[in-house]
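Biologist: I would like to go through a model with you, one feature at a time. Please give the general idea first where there is one, then the case at hand.

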Amino acid sequence: MTSTVFVNGVTLTDAEWFNDTNAVVYDEIFNVKNSTYGAIGDGSTDDTAAIQSAIDAVPTSGGGTTHGYILYFPPGKYKLTDTLVI
């Protein structure tokens with residue numbers, strides 16, 4: 001069993017359910033693996049576009065009013081084939 005603790009004090013245990021719910025529950029957390037961004041994290045799929053999409057969403061979301069923004073990478077191996085722009 002794994003746990004993830006975020007800066008806002010939320011603790012998620014076995015956070016796989018979080019993949020598709022973060023935009024609804026926590027507007028300051030951007031999970032690169034959710035269905036909006038679609039990173040796979042299997043070590044062979046190119047995740048560059050998905051991660052860049054999550055990065056690009058951060059400043060336009062309207063969230064992060066108290067704790068800032070979180071770009072969340074669930075456990076995995078993320079393959080990049082190009083430069084990310086932050």
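Biologist: Where is Ile86 found?

Modeller: In this predicted model, Ile86 lies in the segment that follows β6 (77–79).

Biologist: Is Ile86 buried or exposed?

Modeller: Exposed means over 50% relative accessible area. Ile86 counts as exposed because its relative accessibility is 94%. Its C-alpha atom is separated by 6.6 Å from that of Ile55, 31 residues apart along the chain.

Biologist: How should I read a helix?

Modeller: An α-helix has 3.6 residues a turn, so residues three or four places apart point the same way. Here, 7 of the 10 residues of α2 are buried, so α2 is largely enclosed by the rest of the structure. The buried ones are Thr48, Ala50, Ile51, Gln52, Ala54, Ile55 and Ala57.

Biologist: What covers the buried residues of α2?

Modeller: The cover includes β3 (29–31), β4 (42–46), β5 (70–72) and β6.

Biologist: Which residues make up the largest nonpolar core?

Modeller: It has 10 residues: Phe30, Val32, Tyr37, Ala39, Ala50, Ile51, Ala54, Ile55, Ala57 and Val58. Helix α2 (residues 48–57) gives the most to this core, with 5 residues. Beyond four places in sequence, Ala39 is in contact with Val32, Lys33, Asp47, Ala50, Ile51 and Tyr78.

Key: Residues are numbered from 1 along each chain as its sequence is written. This is a predicted model: local features need pLDDT of at least 70, side-chain atom pairs count only at pLDDT 80 or more; totals for chains, interfaces and linings use all residues. Side-chain values use heavy atoms; hydrogens and water are left out. A nonpolar core is a set of buried Ala, Val, Leu, Ile, Met, Phe, Trp, Tyr and Cys residues joined through side-chain atoms within 4.5 Å. Buried means under 20% relative accessible area, exposed over 50%, partly exposed in between (1.4 Å probe, protein chains only). Helices (H or I, at least four residues) and strands (E, at least two) are DSSP runs, numbered from the N terminus. Contact means heavy atoms within 4.5 Å.
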